[in-house]
Amino acid sequence: GPKPSAVLSSAPPPDSAASRYRWRRMRARLRILVTTYQIVTALPFVLAITFPEAFREFLALFSVLNLSWFRLLPMECVEPEWDFAHVLVTTTLLPLGVAAVGYAVYQLQRCLEAEAVRRSVDAAWSEMALLFTYLIFPGVSAVIFSAFGTDTVSETDDLGDCGDGNRCETYMRADYSIEVGSDKHAFCVAWASAMVFVYPVGIPALYLMLLWSRRRLLNPAAGDDGSRFYDERLVHVRFLFESYRCGAWWWEIAESLRRLMLTGALVVFFEGGLLQILIGLVVGLVFLMFFEYYSPFDEPSDASLAFVAQVQVLLTLTGAVGVHQHALADDEEDESEVLGALLVAVNLLSLALFLFILTVELRGHQFALRETKRPAKEGAWVAARAAAAAATPLGGAGDGEGAAEPQVEMQDLYQVSAHASSAGGWAG
C-alpha cells in the first residue's frame, strides 16, 4: 500500500476518466481536512479546558463543521429557560428532521423523473445522505455523551471535597443548573441513552452493514481496482470507500471509531482532568499505528495528508497538556500567547500540505498537457510547411543552379496550421 512519506499522486488515468479521477482525489483530501478540524474544534468542549484566546478564535472559524452552533449561540438570551436539556433535544432531533424533509424531497423527485434517470437520482441522494451522516456524527455524539457526566461539588465550591462535614451536591457536568436526581436529569439521561443507538452506534453500524454486504465487490479476488468506482452495484456507497484501496474497504468504519473516541466517547473519561487528555493521546497514537500498518489510502498524497492530519491532532492534545498543567491560558499571559500561536501554527499543517499538494499537481497537470500537445503542434507545423511548399511554384534552374528554395510567408503557414488544428490535428 502507499506510504505517507510520498507526497505526489500517481499519474491519473487517461482522457475520459481523468476529470472524475481528479474530483475523487479532491473529495478524499477535503474529507481528511473536515475530519481533522471536526476533532480539533471539539476538543475545548470535550476536554473542558480553556485554550489560549488566539487558538479559540482560530477554532471558531471551523466550528460550523462540528454542528456546534447551539453551544456558540447565546440561546439563553432568547429563551431564559434554555439549558442543556434543550441543547440535547434540539441537537438530536434537528438532523432527524432534516433527514425526513430530505427523504420527502427525494421521493417527490423520484416520482417526477423518468424511469431512465431514477438510478442516477437514487445514487445522488444516497451520496448526500451518507455525507450528511458523516458531517453530523462527531458533534452530535459529543453532546449525547455529555449527558452522562457528573460533578460532585461541596459547600466550599471544591470538586469532590466532601470531608470535614462539608455538604455536597452532584450536578450534571455539562450544566450545573441541572442537579443529579432531578426529573430533568433523569430525562436527559434517558433521552441520551436512546440517542446513543441512533448516532454513536447507529451511524457506524449503518456503514458496516452497507460495506459488509458488498465486500466481495469491494475487494475482488482479481480484476482492476478502478472498476469498483463505476460498478452500478456500488455507486450508492461509493462515498464510503472511494478514498481507500480494495483491501481497506472497511477503513471508514475505523475512521468513524477514531472520531467517536476523540470527540464523543472521550467526554465520559475524567472530564477536565489530565488523565482524560492522556487517554486521548493514547487513542490517537493507537489509531496512528493502525494507519501506518494498514496503509488504507490508495494514493500516496492522500496518505501523506492523513498522516500529517493525525499528527496535528496529537500535537494539539500535547498542547492541551501544557494548558492543563500550567494554566497558561489564564495565569501566565505571555506564555499563553506563545502557546496559542504554536497551536494555531500546528493546526495549519494539514491545510498547508493540502494547498501544497494541490499546487504541485496543478502545475504538473498543466505541464503534462503542454507536453502532450507539443508533438501534435510540431506535426501540424511540419504539415503546414509541406502544404505551403507544395503550393509554391518552383524557381527556374538557370546556369546549372538547382531549384530555388520555396519562400513561404509566415501568415500562410499560420493559416494552414490553424486549419489543420481545427480538423483535429491538435491531439490531447
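Is Phe145 buried or exposed? In this predicted model, Phe145 has a relative accessible area of 15%. Buried means under 20%, so Phe145 counts as buried.

Its ring partner is Phe148. A pair of aromatic rings is described by the distance of the centres and the angle of the planes. For Phe145 and Phe148, the centres lie 6.5 Å apart and the planes meet at 55°. Stacked pairs need planes under 30 degrees apart, and edge-to-face pairs over 60. The angle of 55° therefore makes the Phe145–Phe148 pair tilted.

Phe148 itself is partly exposed, at 33% relative accessibility. Phe148 also belongs to a nonpolar surface patch of about 500 Å². Take Val268 next. This residue sits in the loop that runs between helix H11 (251–262) and helix H12 (274–294). Its relative accessible area is 39%, so Val268 is partly exposed.

Now to the aromatic rings in general. Across the whole structure, a search finds 19 aromatic pairs. Ring pairs also build a cluster. Its members are Tyr244, Trp250, Trp251, Phe290, Phe291, Tyr293, Tyr294 and Phe297.

Rings also meet charge here. Which rings does Arg31 lie over? One is Tyr134: Arg31 lies over its face, 5.1 Å from the ring centre. Another is Phe239, where the charged end of Arg31 sits over the ring at 4.1 Å from its centre.

Technical notes. Residues are numbered from 1 along each chain as its sequence is written. This is a predicted model: local features need pLDDT of at least 70, side-chain atom pairs count only at pLDDT 80 or more; totals for chains, interfaces and linings use all residues. Side-chain values use heavy atoms; hydrogens and water are left out. Patches are made of residues with over 30% relative accessible area and no salt bridge: like charges are joined within 9 Å, nonpolar side chains (Val, Leu, Ile, Met, Phe, Trp, Tyr) within 5 Å. Accessible areas come from the Shrake-Rupley method with a 1.4 Å probe; for residues, only the protein chains shown count as cover. A salt bridge is a side-chain nitrogen of Lys or Arg within 4 Å of a carboxyl oxygen of Asp or Glu. Helices (H or I, at least four residues) and strands (E, at least two) are DSSP runs, numbered from the N terminus. Buried means under 20% relative accessible area, exposed over 50%, partly exposed in between (1.4 Å probe, protein chains only). Rings of Phe, Tyr and Trp (its six-membered ring) pair if their centres lie within 6.5 Å; planes under 30 degrees apart count as stacked, over 60 as edge-to-face and the rest as tilted. A charge sits over a ring if NZ of Lys or CZ of Arg is within 6 Å of the ring centre and within 35 degrees of the ring normal.
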